[in-house]
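Let's take a friendly walk through this structure together. Have a look at the fold before reading on.

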Amino acid sequence: MMNLSKQTYPFQNQPLPYAYDALEPYIDQKTMHLHHDRHLQTYIDNLNKTIAGYPQFHSWTIEDFLRNISFLPISIQVPVWRNAGGVYNHELFFQVLAPADTATGSFAKVEELLKDFGGLEGFQEQMTDAALSVFGSGYAWLVMDENGLSIMTTANQDTPLAGNRYPLLLIDVWEHAYYLKYYNMRVEYIKNWFSIIHWPEVIRRYHRYR
Ligand code: MN
């Protein structure tokens with residue numbers, strides 16, 4: 001089995017790194033099935049279909065597509081951007097979640113990572129505001145670049161990679177991520193999401209970038 005981020009064409013979905021019900025009660029099992037088995041799967045299938053007839057790109061990874069979109073024929077740039085973005089964003093979203101009892105990691109390390117935001121509490125406030133500010137479908141992110149850490153949002157399946165930013169953490173605020181359990185209460189979903197952030201993985205990504 002190989003992470004989607006290391007694969008080339010044809011891309012193949014990988015199992016979640018935990019059971020479908022592992023994030024209960026914060027994210028319900030049915031939402032996880034739909035999100036992983038149908039939404040992510042659809043992005044993978046559509047990306048494979050879009051590039052099937054272009055063997056010159058069959059050695060490209062998802063990140064290669066997202067960082068070099070202008071090298072593709074104009075006719076496939078939009079579908080590749082949307083579907084490769086959908087694959088990239090979802091794989092990372094699932095990776096940086098964990099069951100609540102294993103998610104926390106070292107409180108001191110998390111506080112240190114988030115010191116520019118006023119620690120975890122300040123980060124929660126600012127990340128919540130960002131996630132609530134996404135109009136329609138998109139994501140809020142904790143990203144890193146040469147200037148340090150910052151919070152940003154993206155629309156649809158856009159990624160932060162284009163600006164040479166390295167994502168550490170993201171929350172999916174497309175309705176499919178929460179509607180079955182939370183209906184239109186995005187704010188409740190965001191609040192609960194903080195309980196299942198896999199901070200050890202976020203910190204691992206931080207050290208990998210540095
Ligand atoms: Mn999603």
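What follows goes from the whole chain to its strands.

This is a predicted model, in which local features need pLDDT of at least 70 and side-chain atom pairs count only at pLDDT 80 or more, while totals for chains, interfaces and linings use all residues. Residues are numbered from 1 along each chain as its sequence is written, and side-chain values use heavy atoms, with hydrogens and water left out.

**The whole chain**

The protein chain holds 9 helices and 3 strands, where helices (H or I, at least four residues) and strands (E, at least two) are DSSP runs numbered from the N terminus. Their order along the sequence is α-α-α-α-α-α-β-β-β-α-α-α. With a radius of gyration of 17 Å, close to the 17 Å that the globule rule gives for 210 residues, the protein chain is as compact as a globular protein of that length. That radius is taken over C-alpha atoms, and the rule is 2.2 Å times the number of residues to the power 0.38. The C-alpha trace spans about 50 × 40 × 35 Å along its principal axes.

Of the 210 residues in the protein chain, 49% are buried, meaning under 20% relative accessible area (1.4 Å probe, protein chains only). Looking at contacts (heavy atoms within 4.5 Å), 66% of those between residues at least 6 apart in sequence join residues at least 24 apart.

**The strands**

How many of the residues of strand S1 are buried? For S1 (residues 138-145), the count is 8 of 8. Gly138, Ala140, Leu142 and Met144 point one way from S1, while Tyr139, Trp141, Val143 and Asp145 point the other way. In a regular strand the side chains alternate between the two faces of the sheet.

The link from S1 to S2 is a hairpin through 2 residues. On the S3 side, Leu142 also has a bridge partner, Leu169. S3 is largely enclosed by the rest of the structure, because 7 of its 7 residues are buried.

How values were computed
Buried < 20%, exposed > 50% of the residue type's maximum accessible area, 1.4 Å probe, protein only. Pairing = 2+ DSSP bridges.
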